[in-house]
Amino acid sequence: MKIKNILMISGLLCTLFIPNIYAKEKTFTSTVTAYTLAQKECGKSKNNKYYGITASMKKAVEGTTIAMSNKYKFGTKVKIEGFKHTFIVQDRGGAIQGDRIDIFMNNKKDAIRFGKKKLKVTIIE
């Protein structure tokens with residue numbers, strides 16, 4: 001539930017909780033891949049002061065960071081089929097167009113093993 005309004009009743013400050021029944025959720029099938037901090041993928045060497053920093057200026061974090069096109073704002077929350085947690089759009093990428101998603105992973109072998117998949121995705125706004 002979100003705090004929707006604060007009411008003043010007889011001099012008392014009351015917080016009114018209203019469930020967000022108008023939440024916009026969009027579900028679709030997307031091409032999902034994975035990426036790492038490898039220079040060939042991100043264009044930054046370990047000597048670069050921005051190494052590991054996403055386009056939104058956040059540190060890339062496995063299990064949180066995903067790259068999506070600028071069709072989606074930084075901070076957009078995304079559920080991806082097969083994962084229990086919610087991801088956050090924190091990065092962009094030259095090959096990331098439309099609804100495609102790139103999941104950040106720490107380990108190159110894990111990213112390669114993940115490969116390219118068509119998965120159900122839910123955008124939570």
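Lys-77 has Ile-124 in S8 as its bridge partner. The model is a predicted one, in which local features need pLDDT of at least 70, side-chain atom pairs count only at pLDDT 80 or more, and totals for chains, interfaces and linings use all residues. Residues are numbered from 1 along each chain as its sequence is written, and side-chain values use heavy atoms, without hydrogens and water. Helices (H or I, at least four residues) and strands (E, at least two) are DSSP runs, numbered from the N terminus.

**Barrel**

- Six strands form a closed barrel in the order S3-S7-S4-S6-S5-S8, with mixed pairing; two strands pair if DSSP finds at least two bridges between them.
- Strand S5 (residues 77-80) and strand S8 (residues 117-124) are antiparallel and share four bridges.
- S3 and S8 also run antiparallel, joined by eight bridges, and Phe-28 stands opposite Val-121 in S8.
- S3 runs parallel to strand S7 (residues 101-104), with four bridges between them; the partner of Ala-34 in S7 is Ile-103.

**Salt bridges**

- There are three salt bridges, each defined as a side-chain nitrogen of Lys or Arg within 4 Å of a carboxyl oxygen of Asp or Glu.
- Lys-108 and Glu-41 form one of them, at 2.5 Å from N to O. Lys-108 lies in helix H2 (residues 108-114) and Glu-41 in helix H1, so the pair ties together parts 67 residues apart in sequence.
- Lys-108 is partly exposed at 40% relative accessible area, and Glu-41 is partly exposed at 32%; buried means under 20%, exposed over 50% and partly exposed in between (1.4 Å probe, protein chains only).
- Lys-71 pairs with Asp-99, with the closest N and O atoms 2.9 Å apart. Lys-71 is in the loop between strand S4 (65-67) and S5, and Asp-99 is in the loop between strand S6 (86-91) and S7, 28 residues apart.
- Arg-113 and Asp-110 meet at 2.8 Å, N to O. Arg-113 is exposed at 63% relative accessibility, whereas Asp-110 is partly exposed at 31%.

**Largest pocket**

- The largest pocket holds about 280 Å³ of space. A pocket is an open set of points on a 1 Å grid where a 1.4 Å probe fits, with protein on both sides within 12 Å along at least five of seven lines; lining residues have an atom within 4 Å of a point.
- Of the 21 lining residues, Tyr-35, Glu-41, Cys-42, Asp-91 and Arg-92 are the closest to the centre of the largest pocket.
- S3 contributes the most to this lining, with three residues.

Technical notes:
Grid points are joined across faces, edges and corners, and a volume is the space filled by probe spheres set on the points.
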